Amino acid sequence: MINRSIIFKIIGSLLFIEAILLLACLCMAVGYQEDDVLAFIITIILTTFTGIVLHFFGRHANNYMSRRDAYLVVTLSWIIFSLFGTFPFMISGYIPNFTDAYFETMSGFTTTGATIIDDVDKLPHGLLFWRSMTQWIGGLGIVFFTTAILPSFVGGSVKVFAAEATGPVTTRLHPRLSTNAKWIWVVYLVLTISCILSYMICGMGWFDSINYAMGTTATGGFSTHTDSAEFFRSPAVEYIATFFCFISGTNFTLLYMSATHRSLKMMFKSEEFRFYTFVVIAFSLFIMAQLILHNGYDLEKAFRCGIFQVVSFITTTGLFNDDAAQWPHVTWVVLATCMFLGACSGSTSGGFKSIRSVMMLKIIRNEFKQILHPNAILPIHVDGSNIPSQKRVTLLSFLAVYLLLCLFASFIFIAAGVDNTNAITITLSTLGNVGPSLGLEIGPTMSWSMLPAGIKWVCSALMLIGRIEIFTILVIFTPAFWKDR
């Protein structure tokens with residue numbers, strides 16, 4: 001039976017956190033004296049009041065939480081957080097349509113970075129800061145964020161973490177989950193502050209530096225300018241963005257352990273990191289060659305644009321420094337592959353995750369061996385740890401459902417009149433939380449405002465499903481989930 005009291009209590013507590021985040025944006029709006037001040041005041045009041053009401057209904061809740069409660073609370077948290085996140089856009093009048101406002105907010109919290117805003121530069125500073133804040137909080141997870149700063153707010157936090165964690169294998173730094181979460185957030189903060197300072201050294205203003213740093217380290221992709229990173233016309237900014245996107249696509253636990261042991265060798269001992277690095281280098285060199293041969297780019301520009309876009313797509317960031325719609329179509333295949341693969345587990349990126357690709361390659365290798373040696377027992381090891389049969393079955397199930405969702409969503413988009421290329425890449429983009437699309441109707445530098453309202457809701461659903469890795473949300477729609485036993 002679902003424990004409604006604990007769900008009310010946790011979601012109410014999370015809304016208090018959201019109200020505090022909105023308060024920071026209100027301060028930004030007041031500082032710039034723009035017309036979004038009232039919108040933030042009203043939103044904070046509504047969010048706080050709702051949090052109080054939910055907390056009242058959950059006042060007698062104990063801290064026991066079943067696995068079903070955890071899956072439900074994680075899913076509802078993302079939906080409700082996004083719901084209240086729409087209010088500043090709607091009340092201020094900058095995105096008056098609820099569908100568009102919800103799409104934009106869900107895109108932020110899931111770090112997808114797709115936008116329906118045609119001219120981002122027209123937004124006031126408070127709303128720009130709120131867009132960046134949504135993706136920065138969503139980078140490591142809404143509930144994970146709360147577990148780090150206020151562990152007592154989340155009962156049964158181990159189950160909640162399991163429901164929200166990305167990747168098939170999780171590594172703990174500390175026996176206590178709250179301590180583990182704090183250290184991961186320390187890594188995240190250090191990366192963000194380092195990125196802010198690096199951008200400022202390259203000549204960015206403090207407001208742009210903070211916003212772009214939040215988008216970069218969260219691998220989100222929202223920017224304060226319609227032209228994204230291309231706005232600055234600065235190779236230094238693009239290299240900084242590439243570096244921090246790449247690092248943010250690395251497993252944060254691995255980053256922490258490498259930093260504490262002061263050893264880069266530890267990073268390269270990770271099979272997932274080696275695979276991730278190899279794919280980035282190989283794909284970047286391929287695109288660089290294509291740009292030199294077919295687009296007439298010089299060596300440096302071809303390398304910079306190639307590696308920037310590959311890292312942006314594989315880490316599911318979605319920033320751009322060039323219009324990939326003008327590139328040879330074979331590069332679209334490479335970038336679409338990056339959309340699917342994603343970076344490392346335990347990072348802020350989306351997609352299939354490199355660790356699953358490593359496991360799949362080993363399963364395929366073992367299958368060839370099994371054909372030649374039918375009676376052989378062939379274990380699978382990743383970084384010296386054995387992968388049990390159950391995790392292999394889960395991996396294959398995840399891949400099958402991922403591909404089925406891609407086929408089903410692509411069919412819906414094509415039936416709705418979206419061209420084939422856009423239909424496929426929009427699916428990969430939303431399910432992988434990437435952001436840009438590839439095609440002529442909706443190119444990588446364009447907004448998604450032209451999509452029909454129904455398609456935007458499908459996209460929002462795919463963003464959520466992809467962010468909390470499919471099974472966490474789909475299991476809620478199974479009959480067994482709602483049975484008492």
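## Val434

Val434 is buried, at 0% relative accessible area (buried means under 20%, exposed over 50%, partly exposed in between, with a 1.4 Å probe and protein chains only). The model is predicted; local features need pLDDT of at least 70, side-chain atom pairs count only at pLDDT 80 or more, and totals for chains, interfaces and linings use all residues. Residues are numbered from 1 along each chain as its sequence is written, and side-chain values use heavy atoms, without hydrogens and water.

Val434 sits in the loop between H19 and H20 (helices are DSSP runs of H or I, at least four residues, numbered from the N terminus). Beyond neighbours within four places in sequence, its contacts (heavy atoms within 4.5 Å) include Thr112, Thr316, Thr317 and Met339.

## Asn433

Asn433 lies in the loop between helix H19 (420-431) and helix H20 (453-467). Asn433 is buried too, with 1% relative accessibility. Residues up to four places away aside, Asn433 touches Thr111, Thr112, Thr316 and Arg467, among others. Its side chain makes a polar contact of 3.2 Å with that of Thr112 (N or O atoms within 3.5 Å; within protein, one able to donate a hydrogen and the other to accept it, and residues adjacent in sequence count only if both atoms are side-chain atoms).

## Annotated binding site

An unreviewed UniProt entry lists a "binding site" at Thr111, Thr112, Gly220, Thr316, Thr317, Asn433 and Val434. These residues spread over 324 residues of sequence, yet cluster in space, with a largest C-alpha distance of 8.2 Å. UniProt annotations may be inferred rather than shown by experiment.

## Cysteines

The whole structure has 0 disulfides (cysteine sulfur pairs within 2.5 Å). For Cys305, the nearest cysteine sulfur, that of Cys245, is 15 Å away. Cys305 is buried at 1% relative accessibility.

Terms used:
Helices (H or I, at least four residues) and strands (E, at least two) are DSSP runs, numbered from the N terminus.
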